[in-house]
Amino acid sequence: MYIIMVASECAPVSKVGGLADVIYGLSRELEVRGNEVEIILPKYDCMRYDHIFGLELAYQDLWVPWGANAIHCSVWFGFVNGRKCFFIDPHSDENFFNRDNYYGYPDDAIRFAFFSKATLEFMLKINKRPDIIHCHDWQTGLVPVLLFEMYKPQGMHHPRVCYTVHNFRYQGITGTNILSLTHLNQLDYYQHNDRLQDNVHFTALNFMKGGIVYSNFVTTVSPKHAWEAQHTEQGQGLGETLHIHKDKFGGILNGLDYEVWNPEIDPLIPHHYTIETLDNKYGNKKALRDRLLLREEYKPLIAYVGRLDVQKGVHLIQNALFYSLQNGAQFVLLGSSPEESINKEFLRIKQELNDNEDCHLEIGFNEELAHLIYAGADMIIMPSMYEPCGLAQMIALRYGTVPIVRAVGGLIDTIFDRDHSSKAITAHNGYVFQEADHIALNSAMSRAIGLWYGYPNEFRKLVIQGMQYNYSWQQSGQHYFNIYELIRNK
Ligand code: GLC
């Protein structure tokens, strides 16, 4: 099958969050299965060009109709760790992608509406007719709208669209001027509840809603989150739309890139290990302590790695830190927030605990340190408010680090509580708590710390059971392939 991914991120060239890992990992898996896969991305100034191999001009003069004019674009081609990527490079005064960051500008909706339109214009002009166009998140929600309303009449009858929502919190809600810019026009037609009209702000348009309405199939990144999005406030206003389209909507758990995340060969950790050589893991614990100047004592080490934003439960992360220190554990944090006030708060805590030899906060991001933390820690915490899928818990399992997670989204689908899960005892792999408060979190942490001190052999069993799980792209790749076949044959 010939599949084109259209997205605003791809690891490692342009990565803000988990979306980037999914684009890379899923594309790789589909290619390994013998499909032809290409990825179309914006050509950002701020990308990691050192990760692109053989960058060359693929199409010189692409004129994309836009408002009263057309914008001149170049399209580039290059390999990103073996994946075939095209990069759209518009030349206009707006400088859509020549900025310091990927997102966060007042014209974001316009920037990615342009990207969506340019992608289709490129496919039209160069005669690309993929079997499947797979779009992701709000940035590419207009792709199926433009395809079926505007490009199909121009001859693009063949492609079917799969649309994946990674985060319902960001939907691309915007003004109606986008209609004249993209040439969709027809205000009354699009600003309609059956199409792009936002379900809350009736005068606004919603890209994600467009993606859901127009695509042949819609997914989100775990089965549990598919349910939550439809039946709880986690759909962020789109629950009703999902319900209307429920026959073409489902959840598929993300996979983890088992090549990158493999403690047996990971070049970023000093001591390699498997289930059979688990004791080597503790060499990493020592290396981590040495590096962060933590004292060497008989104590479990608990970690948080990831973005520090409200979604991730910042207040509970702080709570976990202090609870660990008060209850005989060490704590390590690696992450930062897009919000300066949150970073400041953590920097303040860092200063307050400066002399504490049981704790280290690293405000920022560092790939190498992340690997060492996953390998060296005994447990990680993920007290998310909501979590469509989550990757850290899967990485932790792979590295024999016990996850302590809140019962939401993908965390429910992947982590099974040692004391309360109804699964077979041999399938338990972590700790799960329900409520988003410190009482619930503390009780899960006290069970985990209690097992570590009181029943080391049982703790080791839990570690091994976690390592036995397989959350690679293998199954997820098959699920997506089945969806592609389903919508191709309809
Ligand atoms: C978003 C979600 C996260 C998910 C990731 C990749 O970042 O918040 O839960 O793992 O997308 O799908």
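Biologist: Where is the place of Asp 137?

Modeller: Asp 137 sits in the loop between strand 6 (132-136) and helix 3 (142-151); helices (H or I, at least four residues) and strands (E, at least two) are DSSP runs, numbered from the N terminus. This is a predicted model, where local features need pLDDT of at least 70, side-chain atom pairs count only at pLDDT 80 or more, and totals for chains, interfaces and linings use all residues. Residues are numbered from 1 along each chain as its sequence is written, and side-chain values use heavy atoms, leaving out hydrogens and water.

Biologist: Is Asp 137 buried or exposed, and which side chain of opposite charge is nearest?

Modeller: Buried means under 20% relative accessible area, exposed over 50%, partly exposed in between (1.4 Å probe, protein chains only). A salt bridge needs a side-chain nitrogen of Lys or Arg within 4 Å of a carboxyl oxygen of Asp or Glu. Lys and Arg count as positive, Asp and Glu as negative, while His and the chain ends are not counted. Asp 137 is buried without a salt bridge, and Arg 307, the nearest side chain of opposite charge, is 9.0 Å away.

Biologist: What is Asp 137 in contact with?

Modeller: Contact means heavy atoms within 4.5 Å. Beyond neighbours within four places in sequence, its contacts include Tyr 163, His 166 and Met 208.

Biologist: Which order do the six strands of the open sheet take?

Modeller: Strands of a sheet pair through backbone hydrogen bonds, either parallel or antiparallel. Two strands pair if DSSP finds at least two bridges between them. Here the order is 14-13-12-15-16-17, with parallel pairing. Strand 14 (359-363) and strand 17 (431-433) are the edges, each pairing on one side only. Strand 15 (379-382) and strand 16 (402-406) share four bridges, and Met 379 has Val 402 as its bridge partner.
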